[in-house]
Amino acid sequence: MKSILKTLAIVMTLAFTAVSCSSDNDNKGGNNSRDVKYEITGNFSGQIDAVYMESGNAAQSVDITKLPWTKEFTASANTVGAGVQASGHGGVVDQTLTVKIYVGGKVEQETTAKAKADGTIVAIPGNFIFPQ
């Protein structure tokens, strides 16, 4: 599972970098705040791991032992955006995880995922890119 998380972290970092290099701004919110909150909620009972971007564009991973889980920070000026994803195994079919990205107190990205028959789950809401 740890090798899967490392692979997911690399993929997320590469995807985040590619999106952040785009010349057009896909954010519809225009939120200029740099206060970020990640939130993971749901009833998934298996092991949950999350990978997220922190201030300064540093990718972090964490084992989540209890829901709900939150992470808050104020992004530095060189941080290009915010992104988080959650994955897990050992759950029960149709259990859920909801992953949200708040910027300036407003939900900017959100997704809810359901566990598959094999008890695995992946929830990736997308990224938020700070306006230039």
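## The open sheet

In this predicted model, where local features need pLDDT of at least 70, side-chain atom pairs count only at pLDDT 80 or more, and totals for chains, interfaces and linings use all residues, four strands line up as an open antiparallel sheet in the order E4-E1-E6-E7. Strands here are DSSP runs of E with at least two residues, helices are runs of H or I with at least four, and both are numbered from the N terminus; two strands pair if DSSP finds at least two bridges between them. E4 and E7 (106–114) are the edge strands, each pairing on one side only.

Let's look at one of those pairs. E6 and E7 run antiparallel over eight bridges, and Ile101 stands opposite Gln109 in E7.

Buried means under 20% relative accessible area with a 1.4 Å probe, counting protein chains only.

Which residues does Ile40 touch, leaving aside neighbours within four places in sequence? With contact meaning heavy atoms within 4.5 Å, its partners include Ala50, Ile64, Trp69, Ala86 and Val99.

## The chain overall

Buried residues make up 39% of its 132 residues. Residues are numbered from 1 along each chain as its sequence is written, and side-chain values use heavy atoms, leaving out hydrogens and water.

Definitions and conventions
Buried means under 20% relative accessible area, exposed over 50%, partly exposed in between (1.4 Å probe, protein chains only).
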